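Dear colleague,

Please find the structure below, together with its sequence. My notes on it follow.

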Amino acid sequence: MSKPPGSVLPGAPAPFYLANGEGEKSIVFDQLFTILLSGDETEGQYGVFTVDAPKGEMIPPHLHTTAHEIFYVVDGSITVWMNDQKGFEGKRTLATGDFGFVPLNTVHAFRMEATTRILGVNTGGFERFFLDMGTPAPADAMGPPRVPYITPIEQMLAAGRTFGTVFMPDFRFE
Ligand SMILES: O=C(Oc1cc(O)cc(O)c1C(=O)O)c1ccc(O)c(O)c1
């Protein structure tokens, strides 16, 4: 997806600053995604975003065929399950300051254990998956959404097709 209308991001590699809370915003279920940097600014190298979410349900197993993802817990706690289908099987609860890396094609799932803020970095372009998965949030939205957006399955599957995300609802972590 190209730069959405009204984006505060420059859309090309140019220096810029953002104030606290600025970015491209999307509500996905009970999570607020704020995109701070996209593949448009990094020639497709990487994107950066934050996620603000309350303690919640498991985000079910899925994998990304084109994107690596990192998680840095700015505040809160998240459990991350991973299975790379080559022998690595992990489940770890990350707390403030902890870090996790989910390479592409790794089956993973998450659960926020408390109100949590994550800093995410991903392969450039993938960050806009979270726009396609959600609904635009007001420019002044901050923190976990007061009103969740329940993404229809057709919207999820379309976003998955565009961005190489495979949902695996039947996958079971040990
Ligand atoms: O929560 C993160 O991602 C997701 C959230 C959803 O509601 C549905 C999803 O399919 C995903 C996903 O990853 O595909 C998330 C949180 C933090 C982070 O660094 C991420 O890369 C993703």
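**Loop residues with positive phi**

At 67% relative accessibility, Glu43 counts as exposed. This residue sits in the loop between strand 2 and strand 3, and its phi is near 50°, a positive value in a residue other than glycine. Please bear in mind throughout that this is a predicted model. As background, most residues other than glycine have a negative phi. Phe29 also has a positive phi, of about 55°, although it is not a glycine. The loop that holds Phe29 runs between strand 1 (24-28) and strand 2 (31-37). With a relative accessible area of 29%, Phe29 is partly exposed.

**The sheet and the annotated domain**

Seven strands make up an open sheet: 7 strands in the order 8-5-10-3-2-1-11, with antiparallel pairing. Strand 8 and strand 11 (135-136) stand at the edges with a single partner strand each, so one side of each has no neighbour in the sheet. Within the sheet, strand 3 (residues 46-53) pairs with strand 10 in the antiparallel sense, over 8 bridges.

The UniProt record, an unreviewed entry, places the feature "domain: Cupin type-1" at residues 6-143. In the model, residues 6-143 are 3% helix and 49% strand, and the end C-alpha atoms of this span lie 21 Å apart.

**Salt bridges**

The structure holds 4 salt bridges. Three of them are described here one by one.

Which residue of strand 10 is the bridge partner of Asp52? The partner is Arg117, and these two residues also form a salt bridge, with the closest N and O atoms 2.9 Å apart. Arg117 belongs to strand 10 and Asp52 to strand 3, so the pair ties together parts that are 65 residues apart in sequence. Asp52 is buried at 7% relative accessibility, whereas Arg117 is partly exposed, with a relative accessible area of 28%.

Arg128 forms a salt bridge with Asp40, and here the closest N and O atoms are 2.7 Å apart. Because Arg128 lies in the loop between strand 10 and helix 1 and Asp40 in the loop between strand 2 and strand 3, this pair ties together parts that are 88 residues apart in sequence. Arg128 is buried, with a relative accessible area of 1%; Asp40 counts as partly exposed at 26% relative accessibility. A network of salt bridges links Glu24, Asp40 and Arg128.

Arg111 forms a salt bridge with Glu113, where the closest N and O atoms are 3.1 Å apart. Arg111 is partly exposed at 29% relative accessibility, and Glu113 is partly exposed with a relative accessible area of 23%.

**Aromatic pairs**

A search of the whole structure finds 10 aromatic pairs. One of them joins Phe126 and Phe163 edge-to-face, at 6.4 Å centre to centre and with 85° between the planes. This pair links distant parts of the chain, 37 residues apart: Phe126 is in the loop between strand 10 (116-123) and helix 1 (129-132), and Phe163 is in helix 2 (residues 153-163). Phe126 is buried, with a relative accessible area of 3%, and Phe163 is buried at 9% relative accessibility.

Phe163 also forms an edge-to-face pair with Phe129, at 6.0 Å centre to centre and with 65° between the planes. Phe129 lies in helix 1 and Phe163 in helix 2, so this pair ties together parts that are 34 residues apart in sequence. Phe129 is buried as well, with a relative accessible area of 4%. Ring pairs link Phe126, Phe129 and Phe163 into a cluster that also includes Phe33, Phe49 and Phe130.

**A nonpolar patch on the surface**

Which residues form a nonpolar patch on the surface? They are Tyr72, Val74, Phe99 and Phe101, which together have about 370 Å² of accessible area. The elements that give two or more residues to this patch are strand 5 (69-75) and strand 8 (99-102).

With kind regards

Terms used: Residues are numbered from 1 along each chain as its sequence is written. This is a predicted model: local features need pLDDT of at least 70, side-chain atom pairs count only at pLDDT 80 or more; totals for chains, interfaces and linings use all residues. Side-chain values use heavy atoms; hydrogens and water are left out. Patches are made of residues with over 30% relative accessible area and no salt bridge: like charges are joined within 9 Å, nonpolar side chains (Val, Leu, Ile, Met, Phe, Trp, Tyr) within 5 Å. Accessible areas come from the Shrake-Rupley method with a 1.4 Å probe; for residues, only the protein chains shown count as cover. A salt bridge is a side-chain nitrogen of Lys or Arg within 4 Å of a carboxyl oxygen of Asp or Glu. Helices (H or I, at least four residues) and strands (E, at least two) are DSSP runs, numbered from the N terminus. Rings of Phe, Tyr and Trp (its six-membered ring) pair if their centres lie within 6.5 Å; planes under 30 degrees apart count as stacked, over 60 as edge-to-face and the rest as tilted. Buried means under 20% relative accessible area, exposed over 50%, partly exposed in between (1.4 Å probe, protein chains only). Two strands pair if DSSP finds at least two bridges between them. UniProt positions are given in the numbering used here, feature names are shortened, and annotations may be inferred rather than shown by experiment.
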